[in-house]
Amino acid sequence: MEGKTISLSFLFLSLFAIYVSSTSLQYQTLLLHSLPLTQLQSLDLDAQLLSADGSDLDPDNTLSLQLHHVDFVSPSSFNATPHALFKLRLQRDAYRAKAISVLAAANATVGRRAGKPHAGGGDFSSSVVSGLSQGSGEYFTRIGVGTPPKYVYMVLDTGSDVVWIQCSPCKKCYTQSDPVFDPSKSSSFLGVACGSPLCRRLDSASCNRKKCLYQVSYGDGSFTVGDFSTETLTFRGTRVNNVALGCGHDNEGLFVGAAGLLGLGRGRLSFPIQAGRRFGRKFSYCLVDRSASSRPSYLVFGESAVSRTAVFTPLVNNPKLDTFYYVELTGISVGGARVPAIRPSLFKLDAAGDGGVIVDSGTSVTRLTRPAYVALRDAFRMGARDLKRAPDFSLFDTCFDLSGKTEVKVPTVVMHFRGADVSLPASNYLIPVDSDGTFCFAFAGTMSGLSIIGNIQQQGFRVVFDLAGSRLGFAPRGCA
């Protein structure tokens, strides 16, 4: 069977080679910017985000929050080189991707770890910037928690449902940039009763003295445990009341910096589902290129989230797993030619809930099922055969030495979704991994049946999550 697979792959590659030899491939220019030489600076987020006392909140009544792209890095990493930090980030990214695959395979529903729009009416928005110079890897948002609101950083995650925050008293809490939230000082904090309908929504719940307890575990070994509660969240002057969230007293693992997590998945406890009536169950974001950290973008909830230039693909329902945003990927083109071996059957979501393709804001590198990745990689290598190769880097097995160059021509890459063709900018698939001019093809293979579209490939697009219309959209150049 293995011999047949190899033979088929060779046949498809041969067909692609024949096409390449008889047809001019399509190329685009990649402007080269290596990782910065400067070492990681300590996280000075307060200079960029809302003040903790809310004194610089918007005067209008639109809901607004700030998003920043920051890594979960330990204090010992603050003097690490960009090269080492990037390698660490890829290792943690691998943990996350593996956790998603294990979760999907188990058909569980527990949370995991995993043109400029203008808001108006019931809409609310936030600015988004990249923090590569500070070792960025996650996107953070600034949210007021409680009454009066205490502003803290929260991780934005479309692959998680449960909203949670570290709370005092701490049995064990990781280091965060803001003081740990004290629920006893909030007049709007309310514990959830054990056995209540809200408590029963949890996938992993228990009771202690009639209080509902929650637990969320992640594939890298991290976890959060505490009281399940309801609380008020404030977005730059506008309050959202009675949001169900976990108040974590024991939070351990790779978490550092943020106070908790804002779950934006499709599950019934995620923020979009809880507050969906408020903004019509529509939101979008644009993740700026990490090399352009000074250029802001926006996260938008409401009608303003839907870009007029977006192309849409239907959301696919997985009845076994409601957290993730599944889409139908039908193929990939390299240099203007469809890669023959990348067939829709490689991405099929079966009746058991296995396989499929999800779009995830928290995973960096796109993972494709192994046969699809090998075919894509080989097609790209053939189209980029004039570029000088470099040794592999971490999970990347296709790297190039582009030192001394300011720009190069690379084959185009287009991802074909059902009803939507998404042409990737060159910087979304050939990325710098050091400060010496080494660039790598930013895709990876997985032995899991589940493929994941990561945030590197989403850079620069406004990604629209239209839950009301059961569709997901991509608008190019959506961060302006």
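A disulfide, meaning a pair of cysteine sulfur atoms within 2.5 Å, joins C399 to C440, with an S to S distance of 2.0 Å. The structure is a predicted model, in which local features need pLDDT of at least 70, side-chain atom pairs count only at pLDDT 80 or more, and totals for chains, interfaces and linings use all residues. Residues are numbered from 1 along each chain as its sequence is written, and side-chain values use heavy atoms, with hydrogens and water left out.

The torsion about the S-S bond of C399 and C440 is about 100°, so this disulfide is right-handed. C399 lies in strand β22 (residues 399-401) and C440 in strand β27 (residues 438-441), so the pair ties together parts that are 41 residues apart in sequence. Helices (H or I, at least four residues) and strands (E, at least two) are DSSP runs, numbered from the N terminus. C399 counts as buried at 0% relative accessibility. C440 is buried too, with a relative accessible area of 0%. Buried means under 20% relative accessible area, exposed over 50%, and partly exposed in between (1.4 Å probe, protein chains only).

The count comes to six disulfides. One of them is formed by C167 and C247, with sulfur atoms 2.0 Å apart. Their link is left-handed, with -125° about the S-S bond. C167 sits in the loop between β6 (164-166) and β7 (190-191), and C247 in strand β11 (residues 238-252), 80 residues apart. C199 and C212 also form a disulfide, with sulfur atoms 2.1 Å apart. The link of C199 and C212 is right-handed, at 85° about the S-S bond.

Nonpolar cores were examined next. A nonpolar core is a set of buried Ala, Val, Leu, Ile, Met, Phe, Trp, Tyr and Cys residues joined through side-chain atoms within 4.5 Å. The largest has 74 residues. F271, L368, F380, V410, F417, Y429 and L472 touch the most other members. Helix α6 (residues 370-383) gives the most to this core, with six residues. Apart from it lies another core of 19 residues, among them V155, V192, Y214 and L261.

An open sheet has four strands in the order β18-β17-β24-β25, with antiparallel pairing. Two strands pair if DSSP finds at least two bridges between them. The edge strands, β18 (337-338) and β25 (420-424), each pair on one side only. Five bridges join β24 (residues 413-417) to β25. V413 has L424 in β25 as its bridge partner.
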